[in-house]
Amino acid sequence: MSKGVYEDTFQLYYNDFDQNGNVRLSSVLHFLSDVAGMAYESLGFSRDWMMERNQVFLLSQFRLDFMQNFPQNQVIRIKTWENGNKGAVFTRYFSITKQDGTVLMRSSSTWLLADPVSHKILRPKELVADVFPVVLGEELPLPQKFHLAKERLQFAAERQIRYTDMDQNHHVYNAKYADMIYDILPQQYADHLPQRFEIQYKKEAVSGETLQMEYQEIEDGIVVAGLFSDGEISFVAKLMTKEVKTQ
């Protein structure tokens, strides 16, 4: 960690890419989530340390903008930094580059502080760790909330939540939703890495529940949502469809 900026390297493997040679969104989300935790751990604020103090960060929103597809079987460098809080959410930014500095992707995200038992949302000033706000000039705009017209959604499939979907917070791991999305995308969207991916996590899904996976094609891409049986939204995501070049 240097002046509030944390950097680390990750090795890309065969299983990080889909049948078309595009990096899996779930792998990218996995890397970003890991490096966010590693940044706090480098400051002495590990997940276990925070859990002992009845606090946990819950991911609220992600935005990923892709400049290039990722290089297979190579090492990438991920950088992350915080910019403090805006209202109830903490803001965190990321960039992913090749070893030569070529930018592959930039990301912005918002996180909520919560009690891990009651799931009550806590105010930022209650955070037991120290935050070091940084502005690098590389920050993407934060992901924006967008209106979901439920009546225009098209049913795709039911998705039962399984044991292997879960994380240590006892709900679906955030990266798993990307795989759920790609499993129901029409082929013309699934075959390409999107220019932009945004996801909003509305309500956690847990083992044994079933999500109704639905989608709506829009002017600049496609919107996908997972809904509970009562119509409440678990997550909603948007993929912009301009194809990203492969180096």
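Modeller: Let's start with a term: helices are DSSP runs of H or I with at least four residues, numbered from the N terminus. Keep in mind that this is a predicted model.

Biologist: Got it. Which helices each supply at least two residues of the lining of the second largest pocket?

Modeller: H1 does, and so do helix H3 (176-184) and helix H4 (187-190). H3 gives the largest share of that lining, with four residues.

Biologist: What volume does the second largest pocket have, and which residues lie nearest its centre?

Modeller: Its volume is about 250 Å³. There are 14 lining residues, and Asp18, Arg24, Tyr182, Asp183 and Ala190 are the ones nearest the centre. By type, the lining splits into five nonpolar, four polar and five charged residues.

Biologist: Now the largest pocket. What is its volume?

Modeller: About 1100 Å³. Of the 40 residues lining this pocket, Phe57, Leu58, Leu59, Trp111 and Asn169 come closest to its centre.

Biologist: Which helices and strands each supply at least two residues of that lining?

Modeller: Two helices do, H1 (25-42) and H2 (47-52). On the strand side, you'll find S2 (56-66), S4 (89-98), S5 (103-114) and S7 (196-201). The largest share, eight residues, is from H1.

Methods:
Residues are numbered from 1 along each chain as its sequence is written. This is a predicted model: local features need pLDDT of at least 70, side-chain atom pairs count only at pLDDT 80 or more; totals for chains, interfaces and linings use all residues. Side-chain values use heavy atoms; hydrogens and water are left out. On a 1 Å grid over the protein atoms alone, a cavity is a set of points where a 1.4 Å probe fits but cannot get out, and a pocket is an open set with protein on both sides within 12 Å along at least five of seven lines; lining residues have an atom within 4 Å of a point. Grid points are joined across faces, edges and corners, and a volume is the space filled by probe spheres set on the points. Ala, Val, Leu, Ile, Met, Phe, Trp, Tyr, Cys and Pro count as nonpolar, Asp, Glu, Lys and Arg as charged, and the others, Gly among them, as polar.
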